[in-house]
Amino acid sequence: MSTTSSNSSQEDDPFFSLSGDGEWYACIGRQGLPEHYVDGYMDAALELAGAVIDRRQYAKRDRLAMPILYNARHAIELSLKYSIDWLYQAGVIVTAPPKNHDIAAQWRLIQSASLGDMDLRQHISDLQPFIDSLSRIDDDGQQLRYAETLNGQKSLRDRYSCNLELVRASLIVLKEILEAMRYRTIDLVNERATGTFTSKCSRLDLMRIAMSLPPRGQWPEPIFAAAKAEVMARFGIGSRSFSQAIDVIEGNREMGSLVGCEFRLAHLTDEHAEAVINEWSKVHPPRKSEDDLVVDLHDWRDWDKMKEGWRALAATSKAILSILPSEEIADLETIFHIGREDAFCEVYDRLLRDTLTRHGNEGDLSCLVRYLLAKTSLLDAMARGVEILGRRRLAERLRGLRPGLMKDAAQ
């Protein structure tokens, strides 16, 4: 079909012609997202149930019961296929999403897989009552769509009625489970990209295990044996899997620091990190009151104040440039961004290499240093950054330089 005839056809289309001011244009096709389908059918089921009940549309109960339940069933099917596809693409499971409509088989596929994540296993387990209910009456999506099945039998012939108030209450719970399953699937895939996991435990599991263990120095004591037993029971792992988890935890900057291990930063020294915050404090003095939350170095309403702020920032920037060599400035910027974004510690080496390369190409670092010192969030981001990177005692010292500092919004 030619482009001209295609455009003409769309202009006359009763559903897809584009007219009006665009207020109610919806993104579909090339602009649509898989998540729109997953959420859309679930929202449609809830909206329909709510419309019938809240508006007391008794005459529509019988007509809308099946569309409500079918939309819910289709939302489950799409959610399962969505998670299976993400996990398959990431190599977590070895089977691609099935092309059929059998939600029970899809659920069994993901439920029986070795996911290595406690939260995702729990969300999938929570889904079982809904799978059992809908697959029992409709194993392939026919019974809720047609009055008769393909073999001529009356749909749902062993049922007589359903309570739409109960249906709506269950849909609300179902929506929460499907969302939790999807978000945890996405997070799990992103976590696995760091390479920090074992066959039985995800990165999140390992973080929780690290937080539940006593300090490294107490591991020869009975307290560690008790913690080990609790972890093994909680995560359903054996002694060998626990030992594998310990090996990963001790070698990871963030997790290792949770059990008392200390890791060196690549270039920035503790002394220079504290010097940066001391210089930063000259530009961002302590707040006089809770209402004084913003320090504006560019307050156009007060020219003298603005010039004073510029001078102070220039002086502190010059001081930092005289103290920190270029490698430490690159480290400082990397730590700031890791802390501000609450990033994984595993990205540290790569980000630092990229930052060093960029700084080498730029040459003059004065603008960058001024940019960092102008940030009201610098202390909070630096402290969080070094904490993520395994120097928790330094994080405590940095925060101690400004005790009681209110956490500013990142700028």
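This is a predicted model: local features need pLDDT of at least 70, side-chain atom pairs count only at pLDDT 80 or more; totals for chains, interfaces and linings use all residues.
**Asp342.** I started by looking up Asp342 and its accessibility: 47% relative accessibility, so I put it down as partly exposed. Asp342 has a positive phi of about 50 degrees, although it isn't a glycine. I found Asp342 in the loop between helix H14 (326–341) and helix H15 (348–362).

**Arg56.** Next I checked another non-glycine with a positive phi, Arg56, at about 55 degrees. Arg56 comes after H2, in the loop between H2 and H3. Is Arg56 buried or exposed? I have it as exposed, with a relative accessible area of 57%.

**H2 on its own.** I then checked the length of H2, residues 34–54. With 21 residues at 1.5 Å a residue, H2 should span 30 Å, and its end C-alpha atoms are 30 Å apart, so that agrees. I noted the buried residues of H2, among them Val38, Met42, Ala45 and Ala49. What do the buried residues of H2 pack against? They pack against H3 and helix H7 (164–192).

**H2 with H3.** I looked at how H2 and H3 (residues 61–89) lie: their axes come within 8 Å and cross at roughly 155 degrees. Over 145 degrees counts as roughly antiparallel, so that's how I wrote down H2 and H3. The crossing of H2 past H3 is left-handed. For the contact, I listed residues on each side, including Tyr41, Leu48 and Val52 in H2 and Leu64, Ile68 and Leu78 in H3. Sorted by class, the contact has 17 nonpolar, three polar and two charged residues.

Terms used:
Residues are numbered from 1 along each chain as its sequence is written. Side-chain values use heavy atoms; hydrogens and water are left out. Axes are lines fitted to C-alpha atoms, for helices over the stretch in contact, and angles run from 0 to 180 degrees between N-to-C directions. Helices (H or I, at least four residues) and strands (E, at least two) are DSSP runs, numbered from the N terminus. Angles under 35 degrees count as roughly parallel, over 145 as roughly antiparallel, 65 to 115 as roughly perpendicular and the rest as oblique. A crossing is left-handed if the near helix is turned anticlockwise from the far one by less than a right angle, and right-handed if clockwise. Contact means heavy atoms within 4.5 Å. Ala, Val, Leu, Ile, Met, Phe, Trp, Tyr, Cys and Pro count as nonpolar, Asp, Glu, Lys and Arg as charged, and the others, Gly among them, as polar. The expected span of a helix is 1.5 Å times one less than its number of residues. Buried means under 20% relative accessible area, exposed over 50%, partly exposed in between (1.4 Å probe, protein chains only).
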